[in-house]
Amino acid sequence: MKKIIALVLAALMLFSFAGCGSNDTSSDAPAKSDLKVGFIFLHDDQSTYDKNFMDAAKAACEEMGVKYVQKTQIPESKDCYDAAVELIEVEGCEVIFADSFGHESFLIDAAKKYPDVEFCHATGTQAHTAGVENFHNAFASIYEGRYLAGVAAGMKLNEMIEAGEITEDKAKMGYVGAFTFAEVISGYTSFYLGAKSVCPSVTMDVKFTGSWYDEQAEKEAAQALINGGCVLISQHADSMGAPTACEKANVPNVSYNGSTVAACPNTFIVSSRIDWTPYFKYMIECVMDGKEIDTDWTGTIETGSVVLTDVNEKAAAAGTADKIAEVKAKLLDGSIKVFDTANWTEKGVKLDSYKADVDTDEAFEKDTEVIEDGVFYESKHRSAPYFDIQIDGITLLDTNFG
């Protein structure tokens, strides 16, 4: 009798263990050790933009216990589609992520061909209208980070004025931009407004390079801005061209996508960037749990997606870190709105209404009202920026790079 009872108990225990979550293979979601995530990068880790993505992707995959596979130097062409196909058919990836705006249409084509694979894309605009269930866009409210970086720039300008190095009317910044896209316009405008919030006399000149990564062109653009009287430089371009030009000329610099203090110890002030780790973890968790990924995801300061580097006290104005913390708190509680229309004008006029091109189409039709209660709401109707207004105080020195 005891032998029979023992056999029954053993059978029950075996059945119980077979049903535990760690041994359950009935789920469609891949186990952690089996899931492969493929990443497509426009450049390699010499690009501050791409390196920022790479660091976050590797960190997220390691933390989540999944396999990381990457393709670098993938241009905004059919090469992106081919890279996605290779990541799926050769490497066995079940999630694909691409990091450049021009990758989008090719990634959508791949998503249509492989409906069982999830495709995620940074900075894109088409997911919310494309109707492709396994294609997703993601971005972050980086304009808030750039605004904070602009506050640091304005503090530096005030220090230079107080020290007699420049007069108020000479508080002119320079900005090196890649293209005349809304993403770049939104970025340099929020940076300027942050500086203006603490240094009211500031103006800014902008030069474009026509490339996301061209170290020589970025260096030359920064030097031209310095030669034109700009006493502080920032950028939305991906190489070390502008920062190194500033270090050589001893001109303060606010960089982007990471600290340049190692190469530019005397001029680097601070840098804003998007930390993509929260999104990558979210993306991976959704696939592992069999949940839908948001069609259009926006990271924020609260999600840990919009961050600043440490302030370089050697180059920054005294009190900069405390001022950034103060303004950040006000952004978080909503008492400061980056694009509050009370703080800027277009051709001398304060805007009460504005339609932006939110739904992508070939005609670039303005389709969505984006000003509410005196605030232009960036990232509310789409994760990717759509602020494209040329506000007063900013001068574009060239505009042939749209």
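In what order do the six strands of the open sheet stand, and is the pairing parallel or antiparallel? The order is S2-S1-S3-S4-S5-S11, and the pairing is parallel. Keep that sheet for the second stop.

**Before you start**

This is a predicted model: local features need pLDDT of at least 70, side-chain atom pairs count only at pLDDT 80 or more, and totals for chains, interfaces and linings use all residues. Residues are numbered from 1 along each chain as its sequence is written, and side-chain values use heavy atoms, with hydrogens and water left out.

**Stop 1: the whole protein**

Show the cartoon. The protein has 11 helices and 17 strands. Both are DSSP runs numbered from the N terminus: helices are H or I with at least four residues, strands are E with at least two. Along the principal axes, the C-alpha atoms fill a box of roughly 100 × 45 × 45 Å.

Switch to the surface. Of the 402 residues, 52% count as buried. Buried means under 20% relative accessible area, exposed over 50%, and partly exposed in between (1.4 Å probe, protein chains only).

Colour by charge. There are 33 positive and 64 negative side chains, and the centres of the two sets lie 4 Å apart. Lys and Arg count as positive, Asp and Glu as negative; His and the chain ends are not counted. Each charge is placed at NZ of Lys, CZ of Arg, CG of Asp or CD of Glu.

**Stop 2: the six-stranded sheet**

Return to S2-S1-S3-S4-S5-S11. Strand S2 (67-71) and strand S11 (296-299) stand at the edges, each with a single partner strand, so one side of each is left without a neighbour in the sheet. From one strand to the next, the twist averages 20°. Two strands pair if DSSP finds at least two bridges between them.

Select S1, residues 36-40. Four of its five residues are buried, so S1 is largely enclosed by the rest of the structure. Four bridges join S1 to strand S3 (residues 95-98), running parallel. Pick Gly38: its bridge partner in S3 is Ile96. Now look towards S2. Five bridges join S1 to S2, again parallel. Here Ile40 stands opposite Lys71.

**Stop 3: strands S6 and S7**

Select residues 203-208, strand S7. Five of its six residues are buried. S6 and S7 pair in the parallel sense over six bridges. Find Tyr175; its bridge partner in S7 is Val206.

**Stop 4: helix H9**

Select residues 241-249. Which residues of H9 are buried? They are Gly241, Ala242, Pro243, Ala245, Cys246 and Glu247. What do they pack against? Their partners are strand S6 (172-177), helix H8 (215-227), strand S8 (232-236) and strand S9 (253-256).

**Stop 5: Asn250**

Step just past H9. Asn250 lies in the loop between H9 and S9, and takes a positive phi of about 60°. Is Asn250 buried or exposed? At 57% relative accessibility, Asn250 counts as exposed.

Show its surroundings. Not counting residues up to four places away in sequence, Asn250 touches Asn266 and Thr267. Contact means heavy atoms within 4.5 Å. Finish with a distance: the C-alpha atoms of Asn250 and Cys264 are separated by 9.4 Å, and the two residues are 14 apart along the chain.

Terms used. Axes fitted to C-alpha atoms, helices over the stretch in contact; angles between N-to-C directions.
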